[in-house]
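Please look over the notes below alongside the model. They are arranged by topic, in numbered points.

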Amino acid sequence: MTVHVLVADDQALIRAGLVALLRAAPGIEVVGEAGDGAEAVALAAETRPDLVLMDIRMPVMDGIAATRRILADDGEHHPRVVVLTTFDLDEYVYTALGAGASGFLLKDTPPQRIIAAVNTVAAGDILIAPRITHRLIEAYAKLHRATSAYGRLGDLTPRETEVLRMVGTGLSNADIADRLVLSEATIKTHVKRTMSKLGLNSRAQAVVVAYETGLVVPSSANTGPDRPPDRHR
């Protein structure tokens, strides 16, 4: 299956490099290039990509606002967003995930890792690098405990709460199914219902909620190798 990608970055040289990299990769087609967030929103509506590779610091509209606009589209098709930035700042990562992004990469990520990330996220997974994302979620969850989120957990069944906790530690659906001795299809249903009840539109947001509500604490987080997972979730 061909993955259709929209690249948004205000630096023409970096944008051209990303486009060239992706066009050379089998199974990936670049459907558009945007130089700012507003242009990215317009092109996403026009080209309907499977994935948007989104810079954060851009003129007119930044990548966070653009991500929110793209994912808030009332249409049936919602692309996944991978944030790609030079800045390893806590606020950027946390805000990007909270906006619904499915991954976060730094621009010094090796080319093959970027290609792997695009395929991983397009396949329905999320890209949470323990080196960056878990550390940042842990830090910000301590500062931004959302009391309303605690109330929302009351809508979940005990099984859905347990599945949410396992999602928060970075486990895949298959891993959760193994641990709970259930089918992967059953776990996928639990995840879907949990996200619906909590008003979430990405698995990454579910991870944030798991930390914010205390279901996951730093000692229970997944600390596996810093690489894209190799199995679909």
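1. In this predicted model, α8 and α9 cross in a right-handed manner; a crossing is right-handed if the near helix is turned clockwise from the far one by less than a right angle, and left-handed if anticlockwise. Helix α9 covers residues 173–180, and its axis lies 10 Å from that of α8, at an angle of about 130 degrees. Axes here are lines fitted to C-alpha atoms over the stretch in contact, with angles from 0 to 180 degrees between N-to-C directions. The two helices α8 and α9 are therefore oblique to each other, a class left over once angles under 35 degrees (roughly parallel), over 145 (roughly antiparallel) and 65 to 115 (roughly perpendicular) are set aside.

2. Which residues make up this packing? From α8 come Arg159, Glu162, Val163, Met166 and Val167, and they meet Ile176, Arg179 and Leu180 of α9. Contact means heavy atoms within 4.5 Å.

3. Glu162 also forms a salt bridge with Arg165, at 2.9 Å from N to O. The term stands for a side-chain nitrogen of Lys or Arg within 4 Å of a carboxyl oxygen of Asp or Glu. Both residues, Glu162 and Arg165, belong to helix α8 (residues 158–168) and sit 3 residues apart, about one turn of the helix. Glu162 is partly exposed at 26% relative accessible area, and Arg165 is partly exposed at 27%. The cut-offs are under 20% for buried and over 50% for exposed, with partly exposed in between (1.4 Å probe, protein chains only).

4. The whole structure holds 5 salt bridges. One of them joins Asp9 to Lys107, with the closest N and O atoms 2.7 Å apart. Asp9 lies in the loop between β1 (3–8) and α1 (12–23), while Lys107 lies in the loop between β5 (103–106) and α5 (111–122), so the pair ties together parts 98 residues apart in sequence. Asp9 is buried, at 1% relative accessible area, whereas Lys107 is partly exposed at 22%.

5. Arg15 and Glu33 form another salt bridge, with 3.5 Å between the closest N and O atoms. This pair links distant parts of the chain, 18 residues apart: Arg15 is in helix α1 and Glu33 in strand β2 (residues 28–34). Arg15 counts as buried at 17% relative accessibility, and Glu33 as partly exposed at 33%.

6. Where is Thr213 found? Thr213 is in the segment after α11 (203–212), and is buried, with a relative accessible area of 6%. Its side chain reaches the backbone oxygen of Val209 at 2.7 Å and the backbone oxygen of Ala210 at 3.5 Å.

7. As for the protein overall, there are 11 helices and 5 strands. These are DSSP runs numbered from the N terminus, helices being H or I with at least four residues and strands being E with at least two. Of the 233 residues, 52% are buried. Among contacts with a separation of 6 or more, 70% come from residues 24 or more positions apart.

8. A note on the basis of these values. Residues are numbered from 1 along each chain as its sequence is written, and side-chain values use heavy atoms, with hydrogens and water left out. The model is predicted, and local features need pLDDT of at least 70, side-chain atom pairs count only at pLDDT 80 or more, and totals for chains, interfaces and linings use all residues.

Notes:
A polar contact is a pair of N or O atoms within 3.5 Å; within protein, one must be able to donate a hydrogen and the other to accept it, and residues adjacent in sequence count only if both atoms are side-chain atoms.
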